[in-house]
Amino acid sequence: MRHHLILRVITKILAGTIMLFAFYVQFHGDYSPGGGFQAGVILAVAFILYGLVFSVETVQRVMPPWLVHRAMALGLLLYAGTGVAALLLGYNFLDYAALNAHDPEHGQELGILLVEGGVGITVTAVMLSIYYAFVGRTPVIGDEEW
Amino acid sequence: MQQGVSWEYLVGHANYWLFVLLMMTGLYIVVARGNFVKKVIGLNMFQSAVIMLYISMGKVAGGTAPIFPIHGEIDPATVYTNPLPHVLMLTAIVVGIATTSLALALIVRIREEYGTIEEQGIWEAEQEIAARERRQYGEVFGEGSQ
Amino acid sequence: MAVRTRSLFALAMLSGGFSLVSAALFVALDAVDVAFTEAAVGAGISTVLMLGTLALTSRYERAPAHKPWLPLFVVTVTGAALIYGTLDMPDFGDPNAPAMRHVMPEYLERIPHEIGVPNIVTAILASYRGYDTMGETAVVFTAGIGVVALLAALARRRRRGEEEES
């Protein structure tokens, strides 16, 4: 990919935009289509696109594999932790009304935000680590043979 | 089926039949083709057909996307499409890509062990290994070597 | 065409295009969230993963060894059975279908004053069906671990082994 100047410039512009869009989808998911699953995938796509056009090493300097592998578990723990927090506050598991005793509606919104955040982190990390796993192998088909 | 076959009946059920056709195309690829990558793509088609079936079951004639207006009153006259299938299928798609990538990872490992991703080729390789072992252990145990 | 072509590269591209078209279908069926996911997942990541797999395996499929009559028979019988099953289904877009009657009106009634999140899909996904979504997240997590264990961990061990040898 060393010679594709246009591709490289466009990717540099697009990668940031895609990440911004991913965060919009994540945090505006309560009001418009979107949510943790979509945002996670889109955020992963930004990194994957950058890795495809430049190199995986460049991406791994920003998102090292150990961080990605820990983030996979972190997202799920955030999700389950929200449920356990509700449990400790004397409500049912995953009953977000517990998070704000005065106004259950706000508690629900906070809970949904946390849970969607957990989903987003897990999905991003899983997609990225799958990508890392696949590009970590030596291909049997060279670049010229496509 | 009491009302006989009317035009409305045909139009109202054509969507199910189309999805059955798509599903069976996927099933045919899984059963008839020996290449593992192709089998995975067939499974994906099967999955898409199931997802489309569910989504089309949730559609209400004249309905709109299930998002309430952000500010202002909710008009009770507005018809919303059933959001429940959307929730289920949304997660199914993301789980689907995760399991698909697991299948693809298995295919990569199979290719590294056997040197082929065809059902037939793996069968041949297995026969070869079995024949070699029979020769080897037949000598050791002194059983009739054929 | 997707059935007959032996070029797996063309097949991966076709399945990406298929995902994009099905995302358009989901928009037409009012499932905007699903369309969003399908466009991002199907046309984006799964195509990249397919191509990655092809680079690690092979580009072409061998010619099939068997005649397709038995699979064709199986598929026809299954399809006929499924179509027989759809004959009793409600019409497309029928507002009185059983799927619309039980939980859906209740959700639509309860969400505005219980949760206060305008996107009904998000509200159901994260709150009413929280257990469900947690299970799905766990499945995604497990699949990710599986891929890492199958591909990445082994590569690292092998590399370390090579370093020790040299």
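In the predicted model, Lys59(B) and Asp30(C) form a salt bridge in which the closest N and O atoms lie 2.9 Å apart. A salt bridge is taken here as a side-chain nitrogen of Lys or Arg within 4 Å of a carboxyl oxygen of Asp or Glu. The rule finds one such salt bridge across the interface of chain B and chain C. The model being predicted, local features need pLDDT of at least 70 and side-chain atom pairs count only at pLDDT 80 or more, whereas totals for chains, interfaces and linings use all residues. Side-chain values use heavy atoms, with hydrogens and water left out, residues are numbered from 1 along each chain as its sequence is written, and chains are lettered from A and ligands numbered from 1 in the order in which they are written.

The interface of chain B and chain C draws 76 residues from chain B and 81 residues from chain C, contact meaning heavy atoms within 4.5 Å. The area buried between these chains is about 7100 Å², with carbon and sulfur atoms giving 77%; buried area is the accessible area (1.4 Å probe) that two parts lose on being put together, summed over both.

Two helix pairs illustrate the packing of these chains. Helices (H or I, at least four residues) are DSSP runs numbered from the N terminus, and their axes are lines fitted to C-alpha atoms over the stretch in contact, with angles running from 0 to 180 degrees between N-to-C directions. Helix H2 (residues 36-58) of chain B packs against helix H2 (residues 32-56) of chain C at an angle of about 175 degrees, the axes being 12 Å apart. H2(B) and H2(C) are therefore roughly antiparallel (angles over 145 degrees). Val37(B), Val40(B), Ile41(B), Asn44(B) and Ile55(B) of H2(B) meet Val34(C), Met50(C), Thr53(C) and Leu54(C) of H2(C). By class, this contact of H2(B) with H2(C) comprises seven nonpolar, two polar and no charged residues (Ala, Val, Leu, Ile, Met, Phe, Trp, Tyr, Cys and Pro count as nonpolar, Asp, Glu, Lys and Arg as charged, and the others, Gly among them, as polar).

The axes of helix H3 (residues 83-114) of chain B and helix H6 (residues 120-128) of chain C come within 9 Å and cross at roughly 60 degrees. The contact of H3(B) with H6(C) divides into eight nonpolar, two polar and no charged residues.

Between chain C and chain A, about 4200 Å² is buried, 76% of it on carbon and sulfur atoms, and zero salt bridges are found by the rule.

Key:
Parallel < 35°, antiparallel > 145°, perpendicular 65-115°, else oblique.
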